[in-house]
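Come and read along with me.

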Amino acid sequence: MTALSRITSALGRRSAHPEWCAQGHRCGLGEHRAEPFTIAVPGLGSATLTRVEVDGREHAEVRLTVALADDDLTARVQLAGIVGDLKTVISRAANVHRIA
Ligand SMILES: [Zn+2]
């Protein structure tokens, strides 16, 4: 393989989109992004999950929106609960063994 073919091969790999990439405006600036998937719980909140690849490493990006109580103390308790729950979610998701 010549130096030129190695460079063009590397550039070709870098610009190729994974099968799941939404391409277009969702993909760029060195990352690939899938179409986001939103789960809504009416009156309570929603979570939007997006598969993302940056520098060859894939990860899940999660945006969580939750209704908070009107009073500050209750809202703080809710936020503390969310932090604990998110730690559990991250640990559980990271410990899943590959299927195959
Ligand atoms: Zn892409």
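**Entry: Leu-29.** I began with Leu-29, which is exposed because 6 other C-beta atoms lie within 10 Å. For burial I used these cut-offs: a residue is buried if 20 or more other C-beta atoms lie within 10 Å of its own, exposed if 12 or fewer, and partly exposed in between, with C-beta atoms placed from the backbone. Leu-29 sits in the loop between α1 and β1. I noted that Leu-29 has a positive phi of about 55° although it is not a glycine.

**Entry: ground rules.** I reminded myself that this is a predicted model, where local features need pLDDT of at least 70, side-chain atom pairs count only at pLDDT 80 or more, and totals for chains, interfaces and linings use all residues. Residues are numbered from 1 along each chain as its sequence is written.

**Entry: Gln-23.** I looked next at Gln-23, found in the loop between α1 and β1 (31-33). Gln-23 is not a glycine, yet its phi is positive, at about 55°. Is Gln-23 exposed or partly exposed? I put Gln-23 down as partly exposed, because it has 13 C-beta neighbours inside 10 Å.

**Entry: the outline.** I counted two helices and four strands in the protein chain, where helices (H or I, at least four residues) and strands (E, at least two) are DSSP runs, numbered from the N terminus. Along the sequence the pattern reads α-β-β-β-β-α. Buried residues make up 2% of the 100 residues in the protein chain. I also checked contacts, meaning two residues whose C-beta atoms, placed from the backbone, lie within 7 Å. Among contacts between residues at least 6 apart in sequence, 7% join residues at least 24 apart.

**Entry: confidence.** I read off pLDDT, the predictor's confidence in each residue, from 0 to 100. The mean for the protein chain is 86, and 81% of its residues reach 70 or more. Where is confidence lowest, and where is it highest? I found the lowest in helix α1 (residues 3-15), at a mean of 50, and the highest in β2, at 97.

**Entry: β2 and β3.** I followed strand β2 (residues 37-41) to strand β3 (residues 45-54): five bridges join them, and they run antiparallel. Strands count as paired if DSSP finds at least two bridges between them. Phe-37 has Leu-49 in β3 as its bridge partner. The two strands β2 and β3 form a hairpin with three residues between them, and Gly-43 in the turn has a positive phi of about 85°. None of the five residues of β2 is buried, so β2 lies largely in the open.

**Entry: β3 and β4.** I then counted 10 bridges between β3 and β4, which run antiparallel. Ser-46 stands opposite Thr-65 in β4. This hairpin, β3 with β4, has two residues between the strands, and Asp-55 in the turn shows a positive phi of about 55°. Of the 10 residues of β4, zero are buried, so β4 too lies largely in the open.

**Entry: Ala-69 and α2.** I stopped at Ala-69, in the loop between β4 (57-66) and α2. Ala-69 is exposed, with 11 other C-beta atoms within 10 Å. Leaving out residues up to four places away in sequence, Ala-69 touches Thr-74, Ala-75 and Gln-78. Helix α2 (residues 72-94) has 23 residues and reaches 33 Å from its first C-alpha to its last, close to the 33 Å expected at 1.5 Å a residue. That expected span is 1.5 Å times one less than the number of residues.
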